[in-house]
Amino acid sequence: MFPFTPSRRTQRLVRRSLTRTTRQIARSVEAATKAATKAATEAVTRSAEQAIHDARRQAARSVKRTVRQAETAMRAAQGPRGPEVVRRPSGWFVTVDGLPVHVIVRGRGRPVVLVHGNGTMAEDFAICGLIERLATRYRVIALDRPGFGYTARPRHRVWTAAAQAALLDRILDALKAERPLVVGHSWGTIVSLALAAEVRRELRGLVLLSGYFFPQHRADAVLAAPLAVPGLGDTARALVPAAVNRALAGQAYRQVFRPQPVPARFTARFPVEIASAATQLRAVSEDAASMNATVARLQARYAGLTLPVTILTGDADAVVDATAHSVRLHTTIPGSTLKLLPGIGHMTHYSARAKVERAIDAAMAGGSVSSMSRGSRS
């Protein structure tokens, strides 16, 4: 490359040309930058809008999928849909103080009274086969407690265990059932004990299945308290669709039968539509909310009971702790008999029905002691 030295005029022309070129380049760069920025902004905007659109579509699909899954789960929980089942009471009605109480009476002979637990009804004893089996040798009486099954629960009374026991006492008078053996399951054991200890009816004895006898902190009792408040509880229950109540009932039944499966005959025959109705759910809430207060008052009477008492419970009960309740009650009531059933859950009258029958037969054979608590009947 050879050396080149331009003139001044040439240098000025070059400088002017460079200046113009620089300005043109700057303008071009600025225009290109603006165009690129605009294009990039539009691209980002389009991407953002597309992203929002895609997100909305994805959310809508997710919501639809969730709804379909919930509907599928609900249908599965409710079981196959067929024609609406029209159920009729299995028994008849005994009216006491203006309240028609549904009772199932089968067989002849010495009376055996069956008192159901919370959330169920007298039909439960028919489904498990206990009524039919016992009716071959005894006069069996099973009733729907107030608010359960086909018996109403008038609001003008507070249906404590003592009030329910007093109602049962009047029903037994109406049926002329003298010195019955009373068999209670779960919450029904509290009514049975109240009948012996507070109402002081003359009884042949008590057979207590999977019972709750002493106050204990329980989440279900705490949760049930607001639902037991008149008005508030009614409003809360009205907000829950019937289909949801039926699905929740199915979940509760799996819990009470655990570790045994829910029997097919229970699934086929138990009237879930009645058990999940507003009246029965109110009764469930009120009984659950009052449970601790009831047994707290009643436990002072246990040691004074002199009638034969047989206690049966499963050591795998997922609802009521066997040691804290049944074992403790056995140490509290003098002369009581305890049968702890290995591997059995809360529903002893299903999973250990034969053992329950034998306990009833033994109590009927040996119940010759005057069956009342110390003191005269009031």
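**Burial and salt bridges**

Reply: Since buried means under 20% relative accessible area, Arg201, at 5%, counts as buried; bear in mind that this is a predicted model.

Me: Which residue does the side chain of Arg201 meet in a salt bridge?

Reply: The partner is Asp173, at 3.0 Å from N to O, and the pair links distant parts of the chain, with Arg201 in the loop between helix H5 and strand S6 and Asp173 in helix H4, 28 residues apart. Asp173 is partly exposed, because its relative accessible area is 40%.

Me: Where do the buried residues of H14 lie when one looks down its axis?

Reply: The buried residues of a helix can be listed and then viewed along the axis; for H14 they are Val356, Glu357, Ala359, Ile360, Ala363 and Met364. They fall within an arc of 160 degrees, so they line one face of the helix, whereas the face turned away from the buried side carries the exposed residues Arg358, Ala362 and Ala365.

Me: What joins the side chains of Glu357 and Arg133?

Reply: A polar contact of 3.1 Å joins them, and Glu357 counts as buried because its relative accessibility is 5%. Both residues also belong to a network of salt bridges that links Arg133, Arg137, Arg353, Glu357 and Asp361. Within H14, Asp361 forms a salt bridge with Arg137, with the closest N and O atoms 3.0 Å apart; this pair links distant parts of the chain, 224 residues apart.

Methods. Residues are numbered from 1 along each chain as its sequence is written. This is a predicted model: local features need pLDDT of at least 70, side-chain atom pairs count only at pLDDT 80 or more; totals for chains, interfaces and linings use all residues. Side-chain values use heavy atoms; hydrogens and water are left out. Buried means under 20% relative accessible area, exposed over 50%, partly exposed in between (1.4 Å probe, protein chains only). A polar contact is a pair of N or O atoms within 3.5 Å; within protein, one must be able to donate a hydrogen and the other to accept it, and residues adjacent in sequence count only if both atoms are side-chain atoms. Helices (H or I, at least four residues) and strands (E, at least two) are DSSP runs, numbered from the N terminus. The arc is that of the directions from the helix axis to the C-beta atoms. A salt bridge is a side-chain nitrogen of Lys or Arg within 4 Å of a carboxyl oxygen of Asp or Glu.
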